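User: I would like to learn how to read the features of a structural model. Please take me through one, giving the general idea before each case.

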Amino acid sequence: MPEPITTTGGARAIPQVAMSSTSTLPTHTGTWKYQVPAYHDRVAPCNARCPVGIDIEGYMNLLRLGRVEDARDLLLTENPLPAVTGRVCHHPCENACNRRTLDGAVAIHAVERMLGDLAHQHPAPTFRATPLAERVAVVGSGPAGLACAYHLARLGYGVTIFEAAAEPGGMLRLGIPAYRLPRDVLDRDIARVAAHGVEIRCGVRVGSDVAWAELTATFDAVCVSTGAHTSRALGVPGEELPGVRPGLAFLRDVNAGRRPDLGRHVVVVGGGNTAMDCARSALRLGAKVTVAYRRTREQMPAIKEEIEDAMREGAEFVFLANPVEFTARDGHVQAMVCERMALGEPDASGRRRPMPTGETFTLAADTVLTAIGESSALTQFFADVEGSDAGLRVDALGGTTRDLLYAGGDVTDLERTVADALGAGKRAAIGIDRHLRHHKGDTAELNALRFAQGNLSAARWMGRDPIVRTAPVNEVVTADDVNFTQFRRRPRHADPHLPSAAAVQGFDEVNAGLPEALAMDEARRCLNCGVCTECDVCLIFCPDAAISRAEGGAYVIAMDYCKGCGICAAECPRGAITMSQDRP
Amino acid sequence: MSQLRINDLIPDNRLVTSGHLACPGCAAPLGMKLALNALGPNTIVVMPASCFTIIAGPWPQSSLQVPVFHTAFATGPAVASGVRAALDMQGQHDTNVLVWVGDGGTFDIGLQSLSGAAERNENMIYVCYDNEAYMNTGIQRSSATPWGAWTTTTPAQFPEASPKKDMLGIMVAHGIPYAATATPAYPADLVAKITKAKAMHGMRFIHLLSPCPPGWKCGDDEGLELARMAVQNRVFPMLEVEHGTRWRLTMEHAGDPVEPYLRRQGRFRHLSAEQVTHIQAQIDVRWQQLMRRMEAEALASV
């Protein structure tokens, strides 16, 4: 019992006037409550929406604490190619970022890029696995294949990647132009994958140089990540004319250093990333470029920044235009006849369906580049593997319907982005490890490896999640859970770009990326949704002084005094405290 | 870090203990906690009848770890004047005298003794924690109750018919060294004002908006958010006035509409759309008056 506050005539004597001799601590007001607060780590929306399964909030938190190398390692645990995705990912994480509500999403891509470039200074793997006896073949060295190989190597498997092209990278090298992804950046990310002990055999086409059956016979498992390299045909008259060519073939030429003669007028058909890459590459070859798309700008599947850059660099856009015929002069394409479309009811993709109006118009064209989608040409070896026109069917761990044959990336019927491919490669690696190590388990066990509904975490699969989580709850923090009044408005930093006039003169990288100091500043803009940062808001606001700092960090709530008012949960800036009516 | 750094401002010295008898979600003990953190342990509290008489705890307990003098409703500033004089006679000039009074004890019952002490410029810090009615005795209206509000003595059929008394204006008219509004919902602002007041001499008056979940009829966890809304919609602007002339807003006020603030509180649930419009108009008029007054004082001081 505390000493008397004021005394007259002896420490324990009750004086003539009524005078208090104790604090109120003997009164256990905690008995009043009908609900109890508790600290729970919940899932930040960026983590839940990342197709790769990166603990974005986790590395932002480490950066906030100045632990740059730990942040880099946490990123590398999930993503083998951070310098690549920091540049070319469509960053659904930023679309989900709760900070959008306040003053703009955190520029997550810029932070990832900074960490990815930083990782190039230390190419050696920070983690060495115990070698295992089994060997796995990965066919194709695009993002899916590289991710599968990387995670398998980190698990200890011997991995060989077979690549048909002369250099590894798949669509990252053949499809994505150097002004978006400089080749030295790509080379360094791939070199780190190889440094983990992955053997990459280039110039070997499985199916002709090596038989598929030979792979399945010599390796314990095979992962197919051969991509989708066949441009879909438009199916309109004149498509076979000289001058009309698949956009992908054009990109392959340009990315190999060739500079094909396009003539004056180039028309690009399509609204996806391949179309934008074609348009911007053609601009760099001196052409006047028009992009024809059958829907409107809002419905273009391309990354928003790519569309903006293409427009800034001078590409013209004709929307609601559907090619119906190519006309020729002297046996070479001369113009594209388009039908004017109008938007109708939403289709299966949720976007409004373009409807023909009957009205036509003509666009002059010396070259037409078609970019309306790609498909994969699979050999007879896959005849009895389930799939569709969209690609191979795989389960939650990348397994095809054939035992020990896994698949990931554009060769499957899933989303076709770099990030989705990296995530699929990781799933296949976990699937192969699970099979070869005879792990059994159910869906619930796999769900524990996810950030909410997001992709699997390699760190959690390996049981090496370096982040200590407080009573984790696998649910996403929404903007309603964030207390924005605890944050100061501070708009996000915009990426510096080359001036458009200079950019179109060559293939130098257009987006220069944020300088390290500004990227670090973006990391400090992170709200750390759902994760206690020991900011003291709960401690300060508790009207009952029932919250105090715990030994060794974080907080303790004195349940003898907590009245369950919920102010700590309401005031918590980041939704890391939840109220429940269960007794502790 | 874009999070506001309140933890830099507020030391964690526990001068208010757990086990006090405030209702769940009451902002008054939070206000006291922040005020005493800023003033430190060398403080004597004078406390006329109010909710806080109960919150302080039943004899022989006290939730405040500084001396507290409980006194009659009307006598806070008079008693504090005496305490101050006694301290000064003993040479304890650096001991803070904090008068902690509710809105009833300030706006109604204690107004004459407050005015007297202010006129004499007695050396004390007077905090009116204003929950806008006599909450402790069962939510009877006071002259701090806003126009249109329900209380048990102004039922929904006959809601409060008088506007809230302009207490800060009355205190500013005394020409006292420091007068300010604050709320525990903005702790950094509150602590800055108490700290500033502590360094000054004479009568310092702080009007604290202190949400009361049972009296306002809101959720236990909603009071502080409501207080922030009251600031941002200009119902209760955050300002300070030095020597009756130097006016200053201490933060930006978004000027949000008042309706969401009213609709979230049961005490305003009966209001018609016309009545809400009337309240909004009154807020706008008062804000314009405040702006004109600040402009005039600024011109006069040139």
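User: Which residue stands opposite B:Ala182 in strand 6 of chain B?

Analyst: This is a predicted model, in which local features need pLDDT of at least 70, side-chain atom pairs count only at pLDDT 80 or more, and totals for chains, interfaces and linings use all residues. Residues are numbered from 1 along each chain as its sequence is written, while chains are lettered from A and ligands numbered from 1 in the order in which they are written. Strands of a sheet pair through backbone hydrogen bonds, either parallel or antiparallel. Strands (E, at least two residues) and helices (H or I, at least four) are DSSP runs, numbered from the N terminus. Two strands pair if DSSP finds at least two bridges between them. Here, B:Leu208 in strand 6 of chain B stands opposite B:Ala182. Strand 5 (residues 178–182) of chain B pairs with strand 6 of chain B in the parallel sense over 5 bridges.

User: What is the strand order of the open sheet in chain B?

Analyst: The order is 2-1-3-4-6-5-7-8, an open sheet of 8 strands with mixed pairing. Strand 2 and strand 8 (246–249) of chain B are the edge strands, each pairing on one side only. From one strand to the next, the twist averages 15°; axes are lines fitted to C-alpha atoms, for helices over the stretch in contact, and angles run from 0 to 180 degrees between N-to-C directions.

User: Why is strand 4 of chain B described as largely enclosed by the rest of the structure?

Analyst: A residue is buried if 20 or more other C-beta atoms, placed from the backbone, lie within 10 Å of its own, exposed if 12 or fewer, and partly exposed in between. Strand 4 (residues 124–130) of chain B is largely enclosed because 7 of its 7 residues are buried. Both faces are covered, with B:Met124, B:Tyr126, B:Cys128 and B:Asp130 on one side and B:Ile125, B:Val127 and B:Tyr129 on the other. Strand 3 (residues 96–102) of chain B runs parallel to strand 4 of chain B and is joined to it by 5 bridges, with B:Gly102 having B:Tyr129 as its bridge partner. Strand 6 (residues 203–209) of chain B pairs with strand 4 of chain B in the parallel sense over 7 bridges, and B:Arg204 in strand 6 of chain B stands opposite B:Ile125.

User: How many residues does helix 3 of chain B have, and what should they span?

Analyst: The expected span of a helix is 1.5 Å times one less than its number of residues. Helix 3 (residues 76–89) of chain B has 14 residues and should span 20 Å, which agrees with its end C-alpha atoms being 20 Å apart. Its buried residues include B:Val79, B:Ala80, B:Val83 and B:Arg84. Following helix 3 of chain B is B:Gly91, with a positive phi near 80°.

User: How many residues of chain B are in contact with chain A?

Analyst: Contact requires C-beta atoms, placed from the backbone, to lie within 7 Å. By that criterion, 36 residues of chain B are in contact with 42 residues of chain A. Helix 1 (28–39) and helix 9 (223–232) of chain B are the elements giving two or more residues to chain B's side.

User: Is A:His91 buried or exposed?

Analyst: A:His91 counts as buried because it has 25 C-beta neighbours inside 10 Å. A:His91 lies in the loop between helix 4 (82–88) and helix 5 (92–96) of chain A. Not counting residues up to four places away in sequence, A:His91 touches A:Ile108 and A:His109. The C-alpha atoms of A:His91 and A:His109 are separated by 6.7 Å, although the residues are 18 apart along the chain.

Conventions. Two residues are in contact if their C-beta atoms, placed from the backbone, lie within 7 Å.
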